[in-house]
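Here's a quick tour for someone opening this one for the first time. Have a look at the sequence and the structure, then read on.

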Amino acid sequence: MGEPVPVREVTAEEVARFRDRGWARLPGLVDPGYVAGLRERALERLGRRQGRFRNGFVDRAFGQDRDIARQDEAFGALAMSPRLARDVVRLLTGVRSVRLQVTNLLVKEPADGDGHGETVFHQDFPWMPMDRAAMLTVWLALDDVPADMGALRFYERSHLYGPLGRSFVREGDDALTQHPWLADLDLSEPFDLEAGDATVHSSLVIHGAPANRRDRPRLSFTATYFDADTLYTGAPYGQTDGLGLTVNAPFDHPMFPVVRG
Ligand SMILES: O=C(O)CCC(=O)C(=O)O
Ligand SMILES: [Fe+2]
């Protein structure tokens with residue numbers, strides 16, 4: 001084992017905010033020096049990338065390099081970091097340990113020309129074959145992400161309303177169009193992130209992002225964790241279909257490692 005990945009502890013105030021509002025800002029979550037190394041690796045991978053898929057609704061909003069932590073050791077060390085796992089356990093309510101669901105390198109290309117558009121407002125949970133929603137995503141800025149480059153925005157406390165349905169299935173199915181009452185909730189103010197800053201969001205909070213109005217790609221890394229006691233429901237899902245998971249049993253599979261705190 002090398003040095004521990006330089007991830008800081010979340011504060012009691014950040015935990016309280018996350019639980020109250022469904023999301024929180026975590027400034028300086030990961031040491032900027034470590035993040036500079038991640039950024040270099042990310043750019044190197046992107047340079048080797050072949051073509052882009054623009055078929056689905058999600059692909060219009062950002063590019064994905066899924067499961068990057070299984071392919072790159074620096075991203076892997078961060079995703080499997082005991083310090084990060086401790087933070088996640090503290091943020092979630094009533095959870096003893098967590099599994100990693102997925103990691104992703106997200107790239108939102110500048111909107112000009114043939115670039116990406118906005119990330120429409122949505123929840124993450126309605127896609128999941130999980131029997132509970134104790135699940136969150138850490139969204140780490142790999143480079144400075146000024147607000148107009150597309151940092152996430154959140155409908156405050158929207159996680160309290162349970163699953164509100166899927167988005168990204170058809171044209172015009174963003175959460176606001178499906179549920180106009182959401183507009184009565186406060187929308188988080190736009191904010192600038194620096195490399196190493198993160199946001200963390202509940203799988204039930206409504207979130208989205210504007211298009212990237214700058215001239216360089218928005219680069220971020222996400223890691224999604226869920227309660228290790230969660231049971232598999234058997235609902236069809238690309239990631240889990242065919243893995244041989246047992247319905248009504250935990251996600252006991254190398255794809256979903258328990259991350260020890
Ligand atoms: O980065 C984005 O624009 C959206 C990311 C997202 O929806 C997520 O990580 O759950
Ligand atoms: Fe999302």
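Leu142 touches Val35, Leu38, Arg39, Ala42, Ala195, Leu219, Ser220 and Phe221, leaving aside residues up to four places away in sequence. Touching here means that two C-beta atoms, placed from the backbone, lie within 7 Å. Keep in mind that this is a predicted model, where local features need pLDDT of at least 70, side-chain atom pairs count only at pLDDT 80 or more, and totals for chains, interfaces and linings use all residues. Residues are numbered from 1 along each chain as its sequence is written, while chains are lettered from A and ligands numbered from 1 in the order in which they are written.

**The nonpolar core**

- Leu142 is also one of the residues that touch the most other members of the largest nonpolar core, along with Met135, Leu140, Val200 and Tyr225; this core has 68 residues.
- A nonpolar core is a set of buried Ala, Val, Leu, Ile, Met, Phe, Trp, Tyr and Cys residues joined through C-beta atoms within 7 Å.
- Buried means that 20 or more other C-beta atoms lie within 10 Å of a residue's own, exposed means 12 or fewer, and partly exposed is in between, with C-beta atoms placed from the backbone.
- Strand 5 (residues 135-141) gives this core its largest share, six residues.
- Helices (H or I, at least four residues) and strands (E, at least two) are DSSP runs, numbered from the N terminus.

**Strand 3 and its partners**

- Strand 3 runs antiparallel to strand 9, with ten bridges between them; two strands count as paired if DSSP finds at least two bridges.
- Val98 has Asp227 as its bridge partner in strand 9.
- Strand 2 (residues 63-66) is also antiparallel to strand 3, joined by four bridges, and Arg66 sits opposite Asn104 there.
- Strand 10 (residues 258-259) pairs with strand 3 over two bridges, again antiparallel, and Arg99 faces Val258 in strand 10.

- Two bridges link strand 4 to strand 8 (residues 207-209), and Thr119 stands opposite Ala209 in strand 8.

**Around ligand 1**

- Which residues are closest to ligand 1? They are Leu106, Thr119, Thr137, Ala209 and Thr222, out of 13 that surround it.
- A residue counts as near if its C-beta atom, placed from the backbone, lies within 6 Å of the molecule.
- Strand 3 (98-108), strand 5, strand 8 and strand 9 (218-227) each give two or more residues to this shell.
- The shell holds five nonpolar, six polar and two charged residues, where Ala, Val, Leu, Ile, Met, Phe, Trp, Tyr, Cys and Pro count as nonpolar, Asp, Glu, Lys and Arg as charged, and the others, Gly among them, as polar.

**The annotated domain**

- An unreviewed UniProt entry carries the annotation "domain: Fe2OG dioxygenase" for residues 96-229; positions follow the numbering used here, feature names are shortened, and annotations may be inferred rather than shown by experiment.
- The end C-alpha atoms of residues 96-229 lie 8 Å apart, and the span is 6% helix and 31% strand.

**Two positive phi angles**

- Asp67, a residue other than glycine, has a positive phi near 60°, and is found in the loop between strand 2 and helix 3 (73-79).
- Phe168 has a positive phi near 65° and lies in the loop between strand 6 and helix 6 (175-178).
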